[in-house]
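Okay, hi everyone. Let me put this one up on the screen and then walk you through it.

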Amino acid sequence: MSESLLRLEHLSVSFAAHGAGDGPHFRAVDDVTLDIRAGEVLGIVGESGSGKTTLAKALLRLYRPSEGQILFRGADLARLGERQLRPYRRQLQMVFQDPLSSFNPRQTVADSLAMPLRLHDVCPRAEIPAAVDAALTRVGLSPNFRDRFPHELSGGQLQRVAIGRALTLSPSLLVADEAVSKLDVSVRAQILNLLRDVQEASGVAILFITHDLHVARYLCHRIGVMYFGKLVELGPTEEIFTAPRHPYTKALLGTLDEEISEDAEVTAAPPAATGCRYATRCPHAAEICATEHPPLDRVADGHAVACHRWREIRHG
Amino acid sequence: MSAPILEIRDLRTRFDLHGGSLEVVRGVDLEIQPGEMLGLIGESGSGKTITGLSILRLLPGNARMSAATLRYKGSDLRSLDDRQFQALRGRSLAMIFQNPVGAFNPAKRVDWHLREVIRRRQGAQADWAPAAETALEAVGIPRPERVLRLYPHQLSGGMAQRILIAMVLALEPDLVIADEPTTNLDNIVERQILGLFRRLQSRLQAGFLFITHDMTVAATLCDRIAVMYAGEIVEVGPTRDVFAAPRHPYTQGLIATATALKGRAKRLQEIAGELPNLAALPPGCLFSPRCAHAMERCRAAAPPMFGAAAHRTRCYLAEGA
């Protein structure tokens with residue numbers, strides 16, 4: 001499990017702050033270095049605007065990174081053109097948040113499942129119907145679903161089809177962006193269990209993007225925490241939950257406490273433009289935090305934190 | 001126990017559609033006491049939002065609502081004409097929506113909204129500015145004079161929800177209906193807004209109907225909870241009792257999932273199947289097709305509510321409980 005499958009090196013993604021042009025740019029992902037290991041489920045957690053979705057889309061080259069590298073099987077995906085990317089796309093698949101909008105409304109389930117098989121010439125045409133049935137069965141749906149249209153399926157059923165479609169090409173990495181957050185609560189557990197089952201059965205690595213810490217804990221082997229474009233902490237799931245080092249991670253985990261106090265601190269400051277992004281909200285901020293962004297520092301094996309003061313802050 | 005703020009018996013709401021009509025609220029009974037926070041829990045399509053809108057007469061034109069009892073502080077809301085009802089709504093009855101930015105008039109600044117509310121409360125001559133600043137400070141907005149000058153589109157979701165809560169504080173209503181007020185917010189902001197609801201509850205003698213799909217949120221905030229499924233209340237009781245000993249298999253499933261996610265679960269317990277189609281409801285108990293405990297009688301006839309007054313359950317398993 002420790003073998004690296006895909007590596008992001010100093011990856012940044014910028015958007016023009018006021019439409020197109022040479023004006024000021026906003027860095028949605030800011031200098032992120034990260035390994036995704038073969039066969040692991042890596043969770044990226046953060047609030048909206050933290051850059052977690054942008055990170056996922058840049059990794060799949062749905063966005064063009066402004067700086068840095070995406071190293072995969074000896075190539076740097078950040079530099080490849082569309083045509084050169086194509087063989088790699090088969091290896092990197094995605095499941096989106098909203099299942100209904102990720103299907104062509106005029107195609108049947110069978111058409112949608114067959115499309116990737118045709119595009120990538122995976123198997124002889126004659127074998128496609130059998131492959132479609134196998135894909136449905138794998139995600140717990142009866143082959144009777146093949147002739148249905150997306151609007152005839154519930155959100156949970158469609159998300160099953162989306163997972164099935166992503167897996168038809170036997171990818172080595174599946175990116176799931178908030179894949180359960182739009183589903184009904186009573187259906188969410190089914191899909192989480194399904195993701196876990198197919199992951200264990202196929203050994204596909206999953207990059208699981210979520211704002212839900214409970215869900216991340218259930219599914220992920222390792223968790224990375226993002227705050228305004230920066231990766232601020234990365235480590236094994238249980239270490240992140242039981243011994244978090246970054247003040248922001250601690251604040252996020254604090255939201256899981258049972259008690260809600262009416263006197264809880266209620267103001268929120270915007271992120272800092274320079275230095276540590278979290279300094280404006282951090283109770284431990286010192287002078288250096290306002291000027292320099294801290295690099296990721298090793299806490300223990302596989303656990304790193306980007307905080308100037310993590311050694312001084314009592315943890316717990 | 002004092003007179004309830006709100007008392008509802010057999011609330012039914014039906015939508016007229018092209019090919020007929022669809023009953024989405026199917027005989028709901030609710031009661032809210034002064035100072036009480038009642039959580040109304042359900043998934044999308046369960047009818048929880050329509051229940052809230054029905055109470056406030058905010059339904060779209062193709063909806064029809066009826067109730068055996070609909071009392072606000074002892075007086076019959078059904079007998080009020082639209083003008084009389086309008087005088088109550090936005091004065092004694094307030095609503096907080098899921099999309100806070102959409103609840104503002106986009107062409108007016110924050111100060112206009114607060115002025116409206118404060119003058120509605122204190123009269124047209126009221127000196128609204130100090131009251132507005134006090135209300136904003138009470139919801140943790142540090143320099144209120146700066147925020148008063150902003151337009152709604154300049155507000156973040158959390159800030160907009162804070163301001164709406166400040167408006168409710170200034171309005172001092174008797175009944176607050178909040179529909180998924182934290183669902184679009186990030187964890188940390190959600191936590192802060194839930195804290196503000198605590199603050200509202202302790203400062204106002206109002207009754208609260210807190211609509212949510214999130215068991216965990218309801219557990220931390222509400223005094224009592226009512227669980228809705230396919231337009232019906234399937235279980236209602238004090239939060240502590242319902243969480244300690246849920247009686248309806250649906251409630252049990254929701255709580256099992258929520259608790260398992262909180263711990264280090266090996267595997268999540270699933271509720272099989274999907275929500276029923278309201279246009280083609282199953283016979284008998286509406287949950288029976290998904291229920292692991294379903295018996296023959298469940299499919300034959302819908303169960304009534306069983307149990308003592310405080311904790312009631314629409315399930316044969318709770319018979320004699």
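So, how many residues of chain A are in contact with chain B, and how many of chain B with chain A? It's 27 residues of chain A against 34 residues of chain B, where contact means C-beta atoms, placed from the backbone, within 7 Å.

Quick housekeeping: this is a predicted model, so local features need pLDDT of at least 70 and side-chain atom pairs count only at pLDDT 80 or more, while totals for chains, interfaces and linings use all residues. Residues are numbered from 1 along each chain as its sequence is written, with chains lettered from A and ligands numbered from 1 in the order in which they are written.

Back to the side of chain A that touches chain B. Helix 6 (185-202) of chain A gives the largest share, seven residues, and helix 7 (213-219) and helix 9 (247-254) each supply at least two. Helices here are DSSP runs of H or I, at least four residues, numbered from the N terminus.

Now, inside chain A. Helix 3 (109-119) and helix 4 (128-138) of chain A have axes that come within 9 Å and cross at roughly 115°; axes are lines fitted to C-alpha atoms over the stretch in contact, with angles from 0 to 180 degrees between N-to-C directions. So helix 3 and helix 4 of chain A count as roughly perpendicular, a label covering 65 to 115 degrees. Who meets whom? From helix 3 of chain A we have A:A110, A:L113, A:A114 and A:L117, and they meet A:I128, A:A131, A:V132 and A:A135 in helix 4 of chain A.

How values were computed:
Angles under 35 degrees count as roughly parallel, over 145 as roughly antiparallel, 65 to 115 as roughly perpendicular and the rest as oblique. Two residues are in contact if their C-beta atoms, placed from the backbone, lie within 7 Å.
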